Amino acid sequence: MWCLVMFDLPVKTKQQRKIATDFRNMLLDMGYCMVQFSVYARYTPTQAGNRATVRAIKENMPPKGMIRILHISDHQWSSALRFSGMQQDKSEETPDVFTLF
């Protein structure tokens, strides 16, 4: 399963920028990688890993803004169409995922 976290957080004031940066850093510390601006993804082999993510995000949710968490299968992730400019990007894409065994 892939867990995608998408968010729009206010960044007009210095305090809002700090809160948004802290949220992004929390996702990076949890093993997420940036797919696009404000879209982060992480692969988890079990549904339990996704539940832990949802719990951590709920506990550290910024006071304002919007956050969406989406779980998709590995098949759905790999079959997504990607475009860069006007051209379809057909290269294999796997976000940088660091796994310890």
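Is Thr53 buried or exposed, judged by its relative accessible area? Thr53 is buried, with a relative accessible area of 1%; buried means under 20%, exposed over 50% and partly exposed in between, with a 1.4 Å probe and protein chains only. The model is predicted: local features need pLDDT of at least 70, side-chain atom pairs count only at pLDDT 80 or more, and totals for chains, interfaces and linings use all residues. Residues are numbered from 1 along each chain as its sequence is written, and side-chain values use heavy atoms, with hydrogens and water left out.

Four strands form an open sheet in the order E2-E3-E1-E4, with antiparallel pairing. E2 and E4 stand at the edges with a single partner strand each, so one side of each has no neighbour in the sheet. On average, neighbouring strands of this sheet are turned by 30 degrees against each other, direction ignored. Strands (E, at least two residues) and helices (H or I, at least four) are DSSP runs, numbered from the N terminus. Two strands pair if DSSP finds at least two bridges between them.

Seven bridges join E1 to E4. Leu4 has Leu70 in E4 as its bridge partner. Three bridges join E2 (residues 33–36) to E3 (residues 39–43). Met34 stands opposite Tyr40 in E3. E2 and E3 form a hairpin with two residues between them. Ser38, in the turn, has a positive phi of about 65 degrees.

Both helices lie across E1, E3 and E4. H1 runs at about 170 degrees to E1, and H2 runs at about 180 degrees to E4. Axes are lines fitted to C-alpha atoms, for helices over the stretch in contact, and angles run from 0 to 180 degrees between N-to-C directions.

Thr53 lies in helix H2. The buried residues of H2 are Gly49, Asn50, Thr53, Ala56 and Ile57. They cover an arc of only 125 degrees around the axis, which puts them on the same side of H2; the arc is that of the directions from the helix axis to the C-beta atoms. Lys58 and Glu59, on the other side of H2, are exposed. The cover over the buried residues includes E1, H1, E3 and E4. Thr53 itself touches Cys3, Met30, Tyr32 and Arg42, not counting residues up to four places away in sequence; contact means heavy atoms within 4.5 Å.

Asp8 lies in strand E1. At 53% relative accessibility, Asp8 counts as exposed. The UniProt annotation "binding site", from an unreviewed entry, covers Asp8. UniProt positions are given in the numbering used here, feature names are shortened, and annotations may be inferred rather than shown by experiment.
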